[in-house]
Amino acid sequence: MRLDDVTAMPSISSSIDDFHGLDDGDLLNSAIEAYYADIAKAVGRRSPARTGALDIVHDLYVKLAENPEVLRDKRSIKAFLCRAAVNLGIDRYRREAFEATIFSSMGEEVTELPATAALAPDRGLEIKARIAVLRDAIGELPPRRRVVFVLHRLDDMPPEEIARKLGISRNMVDRHLRRAFAHCLDRLLQMQ
């Protein structure tokens, strides 16, 4: 970026008039650039997912890039961007907490599986049945979702790395994981 570009940027006020004459895509780019630090700071202060503030700002940009015209009718672009980013951070925190709880008890059961001989016979059979249901549920997933799920749960690959490896967005990885977890949970609940 050249110095001329910086001086031509809108001031920190957040009125739509400061971005007058820009098309929707340029409006989004200019607004994110002008308020990047403020958005990240807002996420860090208000969102439980404090560690990924910059990732959340990036996710916000990617999400808004699909419909940049949404900024046109906002009275305060800065306030809208900060609030949207905080909401994304809260959503990410809730999703991560949900994912952690879904398989936390199953993880213990799987690690205990080799010791099933020491368990009561019906408990060992129950664990084996749950694992069989999970195996079938994973097999029922669409191919891309199955790959994302296996890379994340069995290979312990972080979502960012999965996104890079498969050439998809982080949001798409998260969507695949949420749906895979929900499917597996539904199948487990059906067996009860």
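The model is predicted. Its secondary structure comes to 8 helices and 0 strands. The protein has 192 residues, and 36% of them are buried.

**Overall fold**

- Along the sequence, the pattern reads α-α-α-α-α-α-α-α.
- Take the contacts between residues at least 6 apart in sequence: 62% of these join residues at least 24 apart.
- The protein exposes about 11300 Å². Carbon and sulfur atoms supply 54% of that area.

**Helices α7 and α8**

- Helix α7 covers residues 159–166, and helix α8 covers residues 170–190.
- The two pack at an angle of about 110 degrees. Their axes are 8 Å apart.
- An angle from 65 to 115 degrees counts as roughly perpendicular, so α7 and α8 fall in that class.
- The crossing of α7 and α8 is right-handed.
- On the α7 side, the contact uses Pro159, Glu160, Ile162 and Ala163. On the α8 side, Arg170, Val173, Asp174 and Leu177 take part.
- By type, the residues of this contact are 5 nonpolar, no polar and 3 charged.

- Asp174 sits in helix α8.
- Its relative accessibility is 2%. Buried means under 20%, so Asp174 counts as buried.
- Setting aside neighbours within four places in sequence, Asp174 touches Arg95 and Pro159. Pro159 is also one of the α7 residues that meet α8.

- Asp156 lies in the loop between α6 (143–153) and α7.
- Its phi is near 55 degrees, a positive value in a residue other than glycine.
- Most residues other than glycine have a negative phi.
- Asp156 has 64% relative accessibility. The cut-off for exposed is over 50%, so Asp156 counts as exposed.

**Ala53, in helix α3**

- Ala53 belongs to helix α3, which spans residues 53–65.
- Ala53 is buried, with a relative accessible area of 11%.
- Beyond its neighbours within four places in sequence, Ala53 is in contact with Ala40, Val43 and Gly44.
- Ile39 is 14 residues from Ala53 along the chain. The C-alpha atoms of Ile39 and Ala53 are separated by 8.5 Å.

- Arg45 lies in helix α2, residues 24–46.
- The relative accessible area of Arg45 is 47%.
- Arg45 and Val86 are 41 residues apart in sequence. From C-alpha to C-alpha, Arg45 and Val86 are 8.8 Å apart in space.
- Tyr93 is placed in helix α4, residues 77–112.
- Tyr93 is also partly exposed, with a relative accessible area of 41%.
- Tyr93 and Gly52 are 41 residues apart in sequence. Their C-alpha atoms are 9.9 Å apart in space.

Technical notes
Residues are numbered from 1 along each chain as its sequence is written. This is a predicted model: local features need pLDDT of at least 70, side-chain atom pairs count only at pLDDT 80 or more; totals for chains, interfaces and linings use all residues. Side-chain values use heavy atoms; hydrogens and water are left out. Helices (H or I, at least four residues) and strands (E, at least two) are DSSP runs, numbered from the N terminus. Buried means under 20% relative accessible area, exposed over 50%, partly exposed in between (1.4 Å probe, protein chains only). Contact means heavy atoms within 4.5 Å. Accessible areas come from the Shrake-Rupley method with a 1.4 Å probe; for residues, only the protein chains shown count as cover. Axes are lines fitted to C-alpha atoms, for helices over the stretch in contact, and angles run from 0 to 180 degrees between N-to-C directions. Angles under 35 degrees count as roughly parallel, over 145 as roughly antiparallel, 65 to 115 as roughly perpendicular and the rest as oblique. A crossing is left-handed if the near helix is turned anticlockwise from the far one by less than a right angle, and right-handed if clockwise. Ala, Val, Leu, Ile, Met, Phe, Trp, Tyr, Cys and Pro count as nonpolar, Asp, Glu, Lys and Arg as charged, and the others, Gly among them, as polar.
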